[in-house]
Structure formats: C-alpha cells, structure tokens
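Trainee: I would like to learn how to read a structure like this one. Please take it one feature at a time.

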Amino acid sequence: MPITPLHFGPGLAIKAIVPKNFSFTLFAFTQIVIDLESVYFFLQDDLRTHRFFHGYVGATIVLIVSIVIGKPLCQWLFNKWNGKLSKGQKKWLYIESKISMKSAIIGSIFGAYIHVFLDSIMHIDIKPFSPFTDTNMMYRLMTLNQLDLFCLISGILGVLVFIICSVKKRIYQ
Ligand SMILES: [Zn+2]
C-alpha cells in the first residue's frame, strides 16, 4: 500500500505532548504530499515507489512547500468548514483555523523527517541520504510488526489525551 495511515500515530503523540507548538494538520499534510510520489509510481505500475521525495533532501523541499502552500490552504479549508457549521455543531466540530507559523514549521519538519525515517525501516527501495549515499542503514532496524505496534500505540495514546483534554475543556468552559 503506497500510503501508511499508521504514520500519523507518532504525530498524534507529539500533538498530545506539545499541543500549542505543533500543527498536526501540517504534519499530516506533509506526510500525504510525500506519499503522492508513491501513489504516482504505484499507478504507473512501477515497483520502485519511494524515490527523491522519500529521502531527507527531497523531504526538506516538501516541508518548505507545506509551510508556504499547505498552511494557507489548510487554514482556508478550516474556515470553509467552520462557516458551514450551525451554532450547536460549532461546540463540538469547530476547528481552530489559525495555524501559527511556529507550529506549522515544527509540524512540517516532524511530518517530513518522521515519514522518511519510518519508511526507511519499512522499504528496501529508499535511499534516505541520497545523493550522498545509496545505503539505507535503517532498513529493518525493527520488524514491521514492532514498527506498526509503535505507531499504533503512540497514536492511541495521543488520541486518548486529546479526547480527555477536549472533553475537560468543553465541560468547564
Ligand atoms: Zn511514504
């Protein structure tokens, strides 16, 4: 599968730890943009689906694009979403549309580099340090089951913390 939603797990955990200074939106946006490369080659029936943008150099370009284009695009989409909500719906479904530059930068950096790191463990066709070396020293640093479990547990913990904080905030506001 060219896209791995489990990669969102560590992002949810980071969001739970530093909610104000980390944009999960930009984290996810960056991950999705990087995987557009895999989708493209997958649709071409090309087995080497992880190329330039799955290395640290290519991912750095993606994270800059995410900050410059992804941040205003996501803010615009959230504003559209919020505008369609009724007063009652706003209590539960309102999304804070303002993404600070600091949280966008941190979210995009983590999104890009965690993606390359986790994919480097999973996929043999990645050259994370290209063009400097074609070696992938991270490949099978842990088993795929261990990797999935790590992503899953970090994601569940992040969601739990988020739910507890949201309910507390809405009850006491
Ligand atoms: Zn990927």
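Mentor: Start with the largest pocket: α6 gives the largest share of its lining, eight residues. Helices are DSSP runs (H or I, at least four residues), numbered from the N terminus. This is a predicted model, in which local features need pLDDT of at least 70 and side-chain atom pairs count only at pLDDT 80 or more, while totals for chains, interfaces and linings use all residues. Residues are numbered from 1 along each chain as its sequence is written, and side-chain values use heavy atoms, with hydrogens and water left out.

Trainee: Which residues lie nearest the centre of the largest pocket?

Mentor: In general, rolling a probe the size of a water molecule over the atoms shows where empty space is left. Here 30 residues line the largest pocket, with K15, P19, E96, F162 and K169 nearest its centre. Elements giving two or more residues to that lining are α1 (8-17), α2 (24-43), α4 (87-93) and α6 (144-172). A pocket is an open set of points on a 1 Å grid over the protein atoms alone, where a 1.4 Å probe fits, with protein on both sides within 12 Å along at least five of seven lines; lining residues have an atom within 4 Å of a point.

Trainee: Which residues coordinate the zinc ion?

Mentor: Ideal angles at a metal are 109.5 degrees for four tetrahedral donors. In this model D35 (OD), H54 (NE2), H115 (NE2) and D119 (OD) coordinate the zinc ion at 2.0 to 2.2 Å. Donors are N, O and S atoms within 2.8 Å of the metal (3.2 Å for Na, K and Ca), and sites may look incomplete because water is not among the atoms. The four donor atoms subtend angles of 91 to 171°, so the arrangement is irregular.

Trainee: Where do H115 and D119 lie?

Mentor: Both are in helix α5 (residues 101-122), four residues apart, about one turn of the helix. H115 and D119 are both buried (under 20% relative accessible area; exposed is over 50%, partly exposed in between, with a 1.4 Å probe and protein chains only).

Trainee: What about the backbone?

Mentor: Most residues other than glycine have a negative phi, and most peptide bonds are trans. D45, not a glycine, has a positive phi of about 65°, and its relative accessible area of 70% makes D45 exposed. The peptide bond from S130 to P131 is cis, with omega near 10°; P131 sits in the loop between α5 and α6.

How values were computed
Four donors count as tetrahedral if all angles lie between 85 and 135 degrees; four count as square planar and six as octahedral if opposite donors are over 155 degrees apart and all others between 65 and 115; anything else is irregular.
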